Amino acid sequence: MASIWVGHRGTVRDYPGFNPSVDAEVIRKAIRGIGTDEKTLISVLTERSNAQRQLIVKEYQAAYGKALKDDLKGDLSGNFEYLMVALVTPPAVFDAKQLKKSMKGTGTNENALIEILTTRTSRQMKEISQAYYTVYKKSLGDDISSETSGDFRKALLTLADGRRDESLKVDEHLAKKDAQILYNAGENRWGTDEDKFTEILCLRSFPQLKLTFDEYRNISKKDIVDSIKGELSGHFEDLLLAIVHCARNMPAFLAGRLHQALKGAGTDEFTLNRIMVSRSEIDLLDIRAEFKKHYGYSLYSAIKGI
């Protein structure tokens, strides 16, 4: 069965003629020599799919009695180390670690939480939650609860539950009904019924939401984005806007995140590495195209210029 972490629009595919024991040996030599052979590490680890990298990890452990991840950590440093370790980590564990990192220490990185929880499928979320518990012996929901509050917390927990409908079928009657509920919960009353927004935006499928937003415009004569901005605030607003963008065009949403991470004085390596690694086998080709379309230069040249 195809992995739920693999799409049709990735930049990384299975490497033909793959041999995990040969790769493990090549990597071992690259690490063990005087000075590290970074070029070799890059060419092996970025040209194998994650499923293939997991086989290399197994071979490496069997042949040398050490975890590849630990040897990479011991030999490399900085962002390069972080990226190489990310490449040999199973996707669900990688995301679990990113979520943990977003909530660790003082202050929570709400943007990272929003980005991960809005762009993963329900099945991926279930795998991430399992990985999170395996690695940290705590439930993802408990950590989200203790690090966030209010409607933002409620919506994050709903997403973390992995209950979003994944069907591609759309129901026109439901779209009209949901659009009316959203209109009544916001524009059409004093105050806002936040729970209704959470319920619909966090549980309906993206194709269904797209249709609902079209119906919403018919009813309210406003775009849902403008209504959310007018009715809500703070991180809860940011989260719902992210869901709207993902439902309409997820690659464009992620291209926007990359653009943010790459512009200005310092690069946001945490975001850059996460999106490049986590989308490399899913939709990075589309993200790349959206980046070029929206910002007028290529993602490649933006990264090269760091």
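1. Start with D161 and R163, which form a salt bridge (a side-chain nitrogen of Lys or Arg within 4 Å of a carboxyl oxygen of Asp or Glu), with the closest N and O atoms 3.4 Å apart. D161 is partly exposed at a relative accessible area of 44%, and R163 is partly exposed too, at 48%. On the cut-offs: buried means under 20% relative accessible area, exposed means over 50%, and partly exposed is in between, using a 1.4 Å probe and protein chains only.

2. A word on what you're looking at. This is a predicted model, where local features need pLDDT of at least 70 and side-chain atom pairs count only at pLDDT 80 or more, while totals for chains, interfaces and linings use all residues. Residues are numbered from 1 along each chain as its sequence is written, and side-chain values use heavy atoms, with hydrogens and water left out.

3. Back to the charged pairs: the structure holds 19 salt bridges. One of them joins D283 and R279, at 3.0 Å from N to O. Are these two partners buried or exposed? D283 counts as buried because its relative accessibility is 7%, and R279 is buried at 4%.

4. E290 and K293 make another salt bridge, their closest N and O atoms being 3.5 Å apart. Both sit in helix α17 (residues 284–295), three residues apart, or about one turn of the helix. Helices here are DSSP runs of H or I with at least four residues, strands are runs of E with at least two, and numbering goes from the N terminus. An α-helix has 3.6 residues a turn, so residues three or four places apart point the same way. Still, E290 is buried at 12%, whereas K293 is exposed at 60%. Elsewhere, salt bridges that share partners tie R28, K66 and D71 into one network.

5. Next, the overall layout. The protein is divided into domain 1 (20–88), domain 2 (91–161), domain 3 (172–248) and domain 4 (250–305); these bounds come from an automatic or database domain assignment. Between the C-alpha centres of domain 3 and domain 4 there are 27 Å.

6. Which residues touch the most other members of the largest nonpolar core? They are L201, I228 and I243, in a core of 59 residues. A nonpolar core is a set of buried Ala, Val, Leu, Ile, Met, Phe, Trp, Tyr and Cys residues joined through side-chain atoms within 4.5 Å. Helix α15 (residues 234–262) supplies the largest share of this core, 15 residues. Apart from it there is another core of 19 residues, including A30, I56, L76 and M84.

7. Not counting residues up to four places away in sequence, L201 touches R164, L182, L209, F213, I228, L240, I243 and V244, where contact means heavy atoms within 4.5 Å.

8. Helix α13 (residues 206–220) has 15 residues and should span 21 Å at 1.5 Å a residue; its end C-alpha atoms are 21 Å apart, so the two agree. The expected span is 1.5 Å times one less than the number of residues. Its buried residues are F206, Q208, L209, T212, F213, E215, Y216 and S220, and they pack against α7 (110–119), α11 (172–185), α12 (194–203), α14 (224–231) and α15.

9. Both ends of α13 are worth a glance. S205 caps the N-terminal end, with a side-chain oxygen 3.1 Å from the backbone nitrogen of Q208. After the helix comes K221, with a positive phi near 60 degrees. K221 sits in the loop between α13 and α14 and counts as exposed at 65% relative accessibility. A polar atom of the K221 side chain lies 2.5 Å from the backbone oxygen of N218.

10. Lastly, R48, in the loop between α2 (38–46) and α3 (50–64). R48 is buried, at 6% relative accessibility. Its side chain joins that of D23 in a polar contact of 2.7 Å. A polar contact is a pair of N or O atoms within 3.5 Å; within protein, one must be able to donate a hydrogen and the other to accept it, and residues adjacent in sequence count only if both atoms are side-chain atoms. Leaving aside neighbours within four places in sequence, R48 is in contact with V12, R13, Y15, F18, D23, S43, R53 and I56.
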